[in-house]
Amino acid sequence: MFPVGLTSLLRDERGTGNNVSTVPCPLVPHVLPLQLLRLGSVVIAGVPAEFTGMSGRRLKDTLRRVFGSTVGDIVISNYANAYSGYVTTQEE
């Protein structure tokens with residue numbers, strides 16, 4: 001309905017009504033936290049979104065390639081420390 005990443009607010013710094021300026025105020029985050037934790041043969045990916053089944057499998061496959069054959073299990077923890085929406089594949 002409106003560009004949430006480009007939203008700005010009007011601010012009157014002195015309260016006089018004469019000195020109104022715009023302040024950037026995006027309604028979605030531009031920087032998101034991501035955590036990767038390895039405990040022995042287990043890798044935990046803390047991500048700030050909800051992954052579809054296929055996008056989650058692709059993330060696990062990528063992490064398995066990066067960490068190599070020493071990884072036994074990969075766990076994706078959704079909504080870790082922030083929220084950014086949904087992650088889907090291009091096909092979805």
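Let me begin with Ser55, which counts as buried at 8% relative accessibility; buried means under 20% relative accessible area, exposed over 50%, and partly exposed in between, with a 1.4 Å probe and protein chains only. The model is a predicted one, in which local features need pLDDT of at least 70, side-chain atom pairs count only at pLDDT 80 or more, and totals for chains, interfaces and linings use all residues. Residues are numbered from 1 along each chain as its sequence is written, and side-chain values use heavy atoms, with hydrogens and water left out.

Ser55 sits in helix H1, residues 53-67. Helices (H or I, at least four residues) and strands (E, at least two) are DSSP runs, numbered from the N terminus. Leaving aside neighbours within four places in sequence, Ser55 is in contact (heavy atoms within 4.5 Å) with Val87, Thr88 and Thr89.

I turn to the sheet. It is open, with 3 strands in the order E3-E4-E6 and mixed pairing; two strands pair if DSSP finds at least two bridges between them. Strand E3 (35-39) and strand E6 (73-77) stand at the edges, each with a single partner strand, so one side of each lacks a neighbour in the sheet. From one strand to the next, the twist averages 15°. Axes here are lines fitted to C-alpha atoms, for helices over the stretch in contact, and angles run from 0 to 180 degrees between N-to-C directions. E4 and E6 run parallel and are joined by 5 bridges; Gly46 has Ser77 as its bridge partner in E6. H1 packs on this sheet, touching E3, E4 and E6, and its direction makes about 135° with that of E6.

Next, the core. Val43, Ala45, Leu63, Val71 and Ile74 make up the largest nonpolar core, of 5 residues. Such a core is a set of buried Ala, Val, Leu, Ile, Met, Phe, Trp, Tyr and Cys residues joined through side-chain atoms within 4.5 Å. Not counting residues up to four places away in sequence, Ile74 touches Val43, Lys60, Leu63 and Arg64.

Finally, Pro48 lies in the loop between strand E4 (42-46) and strand E5 (50-51). Is Pro48 buried or exposed? Pro48 is buried, with a relative accessible area of 8%. Beyond four places in sequence, its contacts include Leu32, Pro33, Tyr79 and Tyr83. Tyr79 is partly exposed at 41% relative accessibility, and Tyr83 is partly exposed with a relative accessible area of 45%.
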